[in-house]
Amino acid sequence: SAGLQLARGDWVVVMDCDLQDPPEEIPNFHRKALEGYECVLGRRALRRDPPLKRFSSWLFYRVFNYLTDLRLDGTVANFSIISRRVVDEFNCLGEAVRFYGGFLHWMGFRTAYIDVRHEARSVGTSSYSLLRLLQLSANFILAYSNKPLRLCVTAGLLMSAASFIAGLVFVFWALFFGIPVMGWASLIISIYFGTGMTILTLGILGLYVDRIFTEVKRRPLFVI
């Protein structure tokens with residue numbers, strides 16, 4: 001089957017255009033794919049990028065994995081070979097925010113990893129500034145995670161609960177030890193309790209909006 005796919009040209013190699021991913025590695029991807037894998041991804045043992053770019057990439061994957069509950073490997077980039085089946089399913093995903101690695105992980109095809117060289121950039125400079133990288137990271141995280149909304153709900157609930165407990169403590173203190181400053185405790189507790197309830201309500205509202213966002217993506221329910 002893999003040989004027939006190769007004869008029809010039904011393999012696609014994805015790589016960056018700056019040649020930091022050496023084209024000489026492509027035959028290694030192809031040989032691994034012929035073992036029965038639909039996706040073969042390159043793992044960079046040593047990344048030859050400026051320290052700031054390496055750090056920003058490491059930080060992005062740490063935050064992304066935490067907020068999305070995925071486990072994407074930060075040493076794996078876009079350099080890969082995928083079969084026609086993967087390409088067809090990839091094209092069925094109509095979302096505007098296209099995260100290649102996230103899509104491959106979600107589709108769940110049989111995947112292998114091989115170690116590849118990563119060369120230093122020999123010509124030109126990257127068109128991605130730090131600001132553009134931050135914008136891209138924010139787009140990916142917001143497109144794949146509702147965990148910030150759930151954290152808001154948790155924060156609002158905890159703040160309201162803490163305010164309620166503090167109110168009980170102040171009532172007990174006032175009954176047995178008196179009130180040092182009239183009105184101060186009730187005012188502060190009311191502010192914190194109201195703030196917590198507001199955050200909680202906004203978080204719940206956000207979760208409903210997230211459901212709408214998930215539905216309008218129109219992702220397939222499963223991939224065969």
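These legends describe close-up views of a predicted model.

**View 1. The largest nonpolar core.** This core has 24 residues. Those with the most contacts inside it are Phe60, Phe64, Ile82, Val86, Phe99, Leu104 and Met107. Six elements each supply at least two of its residues: strands β2 (39–44) and β3 (76–83), and helices α3 (51–68), α4 (84–92), α5 (100–107) and α6 (130–144). In soluble globular proteins, nonpolar side chains tend to be buried together.

**View 2. Leu104 and its contacts.** Leu104 is one of the residues with the most contacts inside the largest core. Which residues does Leu104 touch, not counting those up to four places away in sequence? They are Cys39, Leu41, Ile82 and Val86. Ile82 and Val86 are also listed with Leu104 among the residues with the most contacts in that core.

**View 3. The buried side of helix α4.** Val86, Val87 and Phe90 are buried in α4. Why do they sit on the same side of α4? They cover an arc of only 100° around the axis, which puts them there. The buried residues of α4 pack against β1 (11–14), β2, β3 and α5.

View 4. The model has 4 aromatic pairs. One of them joins Phe90 and Phe103 edge-to-face, at 5.1 Å centre to centre with 65° between the planes. This pair links distant parts of the chain. Phe90 is in helix α4 and Phe103 in helix α5, 13 residues apart. Both Phe90 and Phe103 are buried. With Tyr100, they form one aromatic cluster.

View 5. Tyr100 belongs to helix α5. Is Tyr100 buried or exposed? Its relative accessible area is 13%, under the 20% cut-off, so Tyr100 counts as buried. Leaving out residues up to four places away in sequence, Tyr100 touches Val14, Asn78, Ser80, Ile82 and Phe90. Val14 is 86 residues from Tyr100 in sequence. In space, the C-alpha atoms of Tyr100 and Val14 are 9.7 Å apart.

**View 6. Two arginines over aromatic rings.** The charged end of Arg110 sits over the ring of Tyr37, 4.4 Å from the ring centre. The charged end of Arg219 sits over the ring of Trp106, 4.9 Å from the ring centre.

View 7. Lys147 is found in α7 (residues 147–177). Lys147 has a relative accessible area of 12%, so this residue is buried by the 20% cut-off. Which residues is Lys147 in contact with, leaving aside neighbours within four places in sequence? The list is Tyr66, Leu67 and Asp69.

View 8. How many disulfides does a search of the whole structure find? The count is 0. For Cys92, the closest cysteine sulfur is in Cys39, 15 Å away. A disulfide needs sulfur atoms within 2.5 Å, so that separation is too far for a bond. Cys39 is also one of the contacts of Leu104. Cys17 is exposed, with a relative accessible area of 82%.

Methods. Residues are numbered from 1 along each chain as its sequence is written. This is a predicted model: local features need pLDDT of at least 70, side-chain atom pairs count only at pLDDT 80 or more; totals for chains, interfaces and linings use all residues. Side-chain values use heavy atoms; hydrogens and water are left out. A nonpolar core is a set of buried Ala, Val, Leu, Ile, Met, Phe, Trp, Tyr and Cys residues joined through side-chain atoms within 4.5 Å. Buried means under 20% relative accessible area, exposed over 50%, partly exposed in between (1.4 Å probe, protein chains only). Helices (H or I, at least four residues) and strands (E, at least two) are DSSP runs, numbered from the N terminus. Contact means heavy atoms within 4.5 Å. The arc is that of the directions from the helix axis to the C-beta atoms. Rings of Phe, Tyr and Trp (its six-membered ring) pair if their centres lie within 6.5 Å; planes under 30 degrees apart count as stacked, over 60 as edge-to-face and the rest as tilted. A charge sits over a ring if NZ of Lys or CZ of Arg is within 6 Å of the ring centre and within 35 degrees of the ring normal.
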